[in-house]
Amino acid sequence: MEEMSPDNIHGVILAVSSSVFIGSSFIIKKKGLKKAGVSGARAGEGGYGYLYEPWWWAGMITMIVGEIANFAAYAFAPAILVTPLGALSIIFSAVLAHFILEEKLHMFGILGCILCVVGSTTIVLHAPHEQDIESVKQVWHLATEPGFLAYSAVVLVVVLTLIFYYEPRYGKTHMIVYVGICSLMGSLTVMSVKAVAIAIKLTFSGMNQFKYFHAWIFIIVVTVCCILQINYLNKALDNFNTAVISPVYYVMFTTFTIIASMIMFKDWASQSGLQIATELCGFVTILSGTFLLHKTKDMGNSTSLRGSTTHSPRDTPVFINSGSSRSSTSTRPSIL
């Protein structure tokens, strides 16, 4: 195992800090969405009353702080190291949801959290070092290679199909629609964020990168993708259980981001087969933890349903909203 580089250490510290803020923001925003839904149309029904809720704005500010830390992390460490550490935000989100939103966390949820930590640690200890990039034009060259252009085209086609065909029909009953949009666009966001972060880092070191148009194109991509993600993430949070949204979003977002990073930055090109296999094992361990959190949440709420008749259907943690004709305690994911 190679010794971690100083840049990777900086990236890890920033990524962990980001997870704390982002995990907390899910809970704070959900409180705001709930309060807004009492007095007006819910976000899932096209309402924007949450914009007048202080709780929602507090959650947004918390998320922005977390995203800034995450943004900075990408300037120092490769995406394959920074992105999986988002699993820690799942832990904070699930625990806070248990105490604040009363979305019960089963005892096996603790095991899921431990698996997320173990998997994250494995990836941190075996992650590749950051490439030496001397100009944003170098990142632009990587982004315009045929492989990444093909990936971007596929993502855009799938996202547009989800938005214009599946979202109006299945968005309120199938969580995978909203989360899929956010995750796919998120992979492009991360690649652009990394480019902008590198440009800022190089600019602060005395090499102005914003004199090149490439940096501004990356900024535009980041802005558009972020607005789209916030909109559909709000709809997902308003229609489905927070403790399920967080892990499912993490799994899909991380998977697509790692794929995008492998294609664009070729993170594994300098690593041995053993190192790559170890990182994959770490990622699978994290996926196992998120799966346990999903199953745990179902088990916790099943107990609540047996003991209470006042449970809200909208808080039931399933891929299919309990407003549909299917069982509210189903744990089998719905395929589009």
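## A buried salt bridge

Lys 235 and Glu 167 are both buried (under 20% relative accessible area, where exposed is over 50% and partly exposed lies in between, with a 1.4 Å probe and protein chains only). Their side chains meet in a salt bridge at 3.7 Å, N to O. The term salt bridge stands for a side-chain nitrogen of Lys or Arg within 4 Å of a carboxyl oxygen of Asp or Glu. Lys 235 sits in helix 9 and Glu 167 in helix 7, so the pair ties together parts 68 residues apart in sequence.

This is a predicted model: local features need pLDDT of at least 70, side-chain atom pairs count only at pLDDT 80 or more, and totals for chains, interfaces and linings use all residues. Residues are numbered from 1 along each chain as its sequence is written, and side-chain values use heavy atoms, with hydrogens and water left out.

## The other salt bridges

The structure holds 3 salt bridges. One of them joins the side chains of Asp 7 and Lys 201, at 3.6 Å, N to O. Asp 7 belongs to helix 1 and Lys 201 to helix 8, so this bridge ties together parts 194 residues apart in sequence. Asp 7 is partly exposed, at 28% relative accessible area. Lys 201 is partly exposed too, at 33%.

Glu 145 pairs with Lys 266, and their closest N and O atoms are 2.7 Å apart. Here the partners sit in loops: Glu 145 between helix 6 and helix 7, Lys 266 between helix 10 and helix 11, so the pair ties together parts 121 residues apart in sequence. Glu 145 counts as partly exposed because its relative accessibility is 22%. For Lys 266 the value is 39%, so this residue also counts as partly exposed.

## Overall fold

The protein chain has 11 helices and 0 strands. Helices (H or I, at least four residues) and strands (E, at least two) are DSSP runs, numbered from the N terminus. Of the 336 residues in the chain, 51% count as buried.

Ala 150 is placed in helix 7. With a relative accessible area of 43%, Ala 150 is partly exposed. Ala 150 and Ile 263 are 113 residues apart in sequence, yet 10.0 Å apart in space, C-alpha to C-alpha.

## The largest pocket

Rolling a probe the size of a water molecule over the atoms shows where empty space is left. The search runs on a 1 Å grid over the protein atoms alone: a cavity is a set of points where a 1.4 Å probe fits but cannot get out, while a pocket is an open set with protein on both sides within 12 Å along at least five of seven lines. Lining residues have an atom within 4 Å of a point. Grid points are joined across faces, edges and corners, and a volume is the space filled by probe spheres set on the points.

The largest pocket holds about 830 Å³ of space. Its lining has 34 residues, and Ile 22, Met 63, Glu 67, Asn 70 and Gln 229 lie nearest the centre. Two or more lining residues come from each of helix 1 (6-39), helix 2 (54-76), helix 4 (87-100), helix 8 (175-204), helix 9 (213-239) and helix 10 (242-264). Helix 2 gives the most, with 8 residues. The lining divides into 22 nonpolar, 11 polar and 1 charged. Ala, Val, Leu, Ile, Met, Phe, Trp, Tyr, Cys and Pro count as nonpolar, Asp, Glu, Lys and Arg as charged, and the others, Gly among them, as polar.

## The second largest pocket

The second largest pocket holds about 310 Å³ of space. It is lined by 18 residues, with Phe 148, Ser 152, Leu 188, Ser 192 and Val 221 the closest to its centre. Helix 6 (136-143), helix 7 (146-170), helix 8 and helix 9 each give two or more residues to this lining. The largest share, 6 residues, comes from helix 9. By class, the lining has 15 nonpolar residues, 3 polar and no charged.

## Cavities

The count comes to 4 cavities of 30 Å³ or more. About 50 Å³ of space lies in the largest cavity. Ile 80, Pro 84, Ile 123, Ile 258, Trp 268, Glu 279, Leu 280 and Phe 283 line the largest cavity. Helix 11 (residues 273-307) gives the most to this lining, with 3 residues.
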